[in-house]
Amino acid sequence: MGKYVAKLTTYAIFSKNLRNVYFDKTKVSNNELKDMWMQLEYNEGRKVIHKLSQYINERYTYWNRWIGALKETDLQTNIVWAKNDPVAVPAIARLIATEISNNKLFWIENTGHFPMLENPDEWLNCILKNN
């Protein structure tokens with residue numbers, strides 16, 4: 001397989017998988033996907049992306065570090081979560097809500113992994129709400 005064909009195939013997989021984390025697949029355009037791909041390709045970024053995604057494992061290994069500051073705060077905390085997120089599933093939001101005192105959990109319906117892109121107005125309203 002030629003280098004060009006391999007890149008096209010890799011891009012096709014990338015764009016399909018990224019589109020699948022959206023609840024409404026029409027909320028991400030082909031141009032946006034191409035821009036994201038170009039950012040990954042820039043400066044050979046795909047060679048280090050595995051290092052950047054280590055946080056996925058670290059959030060389990062170092063849960064107490066991740067949640068520690070939030071558990072200690074007396075500040076009002078709004079937890080805003082997409083109800084249909086296939087990556088950060090609703091169970092994570094419910095767990096975080098039990099760990100943090102003085103919080104309010106807001107659900108955004110019919111929204112996938114990027115609520116700030118899929119439903120920006122609703123996301124912002126939830127962020128700014130006073131309990």
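1. A word on terms to start: a residue is called buried when its relative accessible area is under 20%, exposed when over 50%, and partly exposed in between, using a 1.4 Å probe and protein chains only. Please keep in mind that this is a predicted model, where local features need pLDDT of at least 70 and side-chain atom pairs count only at pLDDT 80 or more, while totals for chains, interfaces and linings use all residues. Residues are numbered from 1 along each chain as its sequence is written, and side-chain values use heavy atoms, with hydrogens and water left out.

2. Here is the overall layout. The chain holds eight helices and two strands, where helices (H or I, at least four residues) and strands (E, at least two) are DSSP runs numbered from the N terminus. Read from the N terminus, the order of elements is α-α-α-α-α-β-α-β-α-α.

3. On dimensions, the C-alpha trace spans about 55 × 30 × 25 Å along its principal axes. The radius of gyration of the chain is 18 Å, whereas a compact globule of 131 residues would have one near 14 Å. That radius is taken over C-alpha atoms, and the globule rule is 2.2 Å times the number of residues to the power 0.38.

4. Next, the inside and the surface. Of the 131 residues in the chain, 27% are buried. The chain exposes about 9,300 Å², and carbon and sulfur atoms supply 56% of that area; accessible areas come from the Shrake-Rupley method with a 1.4 Å probe, and for residues only the protein chains shown count as cover. Among contacts (heavy atoms within 4.5 Å) with a separation of 6 or more, 61% come from residues 24 or more positions apart.

5. The whole structure has four aromatic pairs. In one of them, the ring centres of Y11 and W37 are 5.6 Å apart and the planes stand at 70°, so the pair is edge-to-face. Rings of Phe, Tyr and Trp (its six-membered ring) pair if their centres lie within 6.5 Å; planes under 30 degrees apart count as stacked, over 60 as edge-to-face and the rest as tilted. Because Y11 sits in helix α1 (residues 3–19) and W37 in helix α2 (residues 30–41), the pair ties together parts that are 26 residues apart in sequence. Y11 counts as buried at 17% relative accessibility, and W37 counts as buried at 11%.

6. W37 has another partner to look at. F14 and W37 form a tilted aromatic pair, with 5.2 Å from centre to centre and 50° between the planes. This pair links distant parts of the chain, with F14 in helix α1 and W37 in helix α2, 23 residues apart. F14 is buried too, with a relative accessible area of 16%. Y11, F14 and W37 form one aromatic cluster.

7. V28 is placed in the loop between α1 and α2 and is buried, with a relative accessible area of 2%. Leaving aside residues up to four places away in sequence, V28 touches R19, Y22, L33 and M36. The C-alpha atoms of V28 and E118 are separated by 8.1 Å, although these residues are 90 residues apart along the chain.

8. Finally, two backbone details. E44 is not a glycine, yet has a positive phi of about 55°; E44 lies in the loop between α2 and α3 (49–52). N110, also a residue other than glycine, has a positive phi near 50°. N110 lies in the loop between β2 (103–108) and α7 (115–118) and is partly exposed, with a relative accessible area of 46%.
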